[in-house]
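Please walk through this structure with attention to its pockets and to the way its aromatic rings pair.

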Amino acid sequence: ALEQGRRAVQIYPKNTIQRNNLGLYAMYAGDFEAAIQEQRTVIEMNPNLVLGYVGTALPQLALGHPDEANATYHQLEKLGADGVSAAAAGLADVALYQGRASEAITTLEAGISGDTAGKNPDGAATKLATLSQAYLLAGNSAEATRATERALAASHEIPIQFWAARSYIGANLDTKALAIAHDFGSRLDADPQAYGKLIEGEIQLKHGKAQDALRLFIESRKFADTWMGRFDAGRAYVEAGAFAEAESELDACQKRRGEATALFLDESPTYYLFPSVYYYLGRAQEGLNSSAAAESYQTFVSIREGGQDPLFADANKRLAALKAHVN
């Protein structure tokens, strides 16, 4: 897609939409510097194009510059209702990336109210789905479920249902999650079938059945080789004690990190998922007695410091133990 996008821009360099698409393709391909460069040109050509700012802020966050991403989203807020709506989703993504669930919840609630008043049901549904994940991070499964039910009442799009299923799993409502997985499995398209397998596998993993989970995660690749499928497999291999296999899967997540910017390639920010890769990579490297484990844990702790991630305490403890061992 990136190569075809470049050819399209060479033919028609002043086509704003094609250049914006090129920037997005570069972002999903993990070429974040190129993505930002293209979107800067896009914004010069059309300062009111919302996706130009989203396509700038997400690569900025992926490069490890959350303050720059926030600044870009605040610029986006000046572009009217659509800009305010997109900025709220982005600012919440940055907050969740840093583990600041309470801040994300406040931002999302305000964004949902704005979308509802502005008759933007799709924007509200997407934020409600993210809100459910924020409440899970904050340890409030009851509110996560309420947000999930509101999201499903507003939309039954594939991304909304997938986040709903993950929320149900986090709230120990496996039957509801399985219903979504079975619905996905009945679809003709490959992507929902793949995500249905991931939902089933995440239920097994939650119950400590790593081998059963792995079978489902790997089976999902028959339909689509997704970033989330690689991440889930990495987690499962860690739990199964297969650390070399876990490291391989998590390395793939790092190489394909562009896909994590918006998991469903719909420009709806999801980069908050990525920091956990460092935690599980640290676990895999620690299991392999690799000195790289300390660096992975340190990266995770540095991103999530001051947040509410339940993995933070364990990462900190493991990092301290590794440092003590070296000393």
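The paragraphs below take up the pockets and then the aromatic pairs.

The model is predicted, and its largest pocket has a volume of about 840 Å³. This pocket is lined by 26 residues, of which Leu136, Arg166, Arg235, Tyr280 and Pro310 are the closest to its centre. Two or more lining residues come from each of helix H8 (121-137), helix H10 (158-170), helix H12 (190-206), helix H14 (227-240) and helix H16 (275-287). By class, the lining of the largest pocket holds 12 nonpolar, seven polar and seven charged residues.

The second largest pocket, with a volume of about 600 Å³, has 28 lining residues, and the closest to its centre are Asp122, Gly123, Thr126, Asp266 and Ser268. Here the elements that give two or more residues are helix H4 (50-62), helix H6 (81-97), H8 and H10, and H8 gives the most, with seven residues. The lining of the second largest pocket divides into 13 nonpolar, nine polar and six charged residues.

Turning to the aromatic rings, the count comes to 15 aromatic pairs. Because the planes of Tyr97 and Tyr271 stand at 25°, with the ring centres 5.7 Å apart, this pair is stacked; Tyr97 belongs to helix H6 and Tyr271 to the loop between helix H15 (243-255) and H16, so that the pair links distant parts of the chain, 174 residues apart. Both Tyr97 and Tyr271 are buried. The rings of Tyr279 and Tyr280, in turn, have centres 4.9 Å apart and planes at 85°, and the pair is therefore edge-to-face; Tyr279 and Tyr280 are both buried.

How values were computed
Residues numbered from 1 in each chain as written. Predicted model: local features only at pLDDT ≥ 70, side-chain atom pairs only at ≥ 80, totals over all residues. Heavy atoms only, no water. 1 Å grid on protein atoms, 1.4 Å probe; cavity = no way out; pocket = protein on both sides within 12 Å on 5 of 7 lines; lining within 4 Å. Points joined across faces, edges and corners; volume = space filled by probe spheres on them. Helix = DSSP H or I, 4+ residues; strand = E, 2+ residues; numbered from the N terminus. Nonpolar A, V, L, I, M, F, W, Y, C, P; charged D, E, K, R; others polar. Phe/Tyr/Trp six-rings, centres within 6.5 Å; stacked < 30°, edge-to-face > 60°. Buried < 20%, exposed > 50% of the residue type's maximum accessible area, 1.4 Å probe, protein only.
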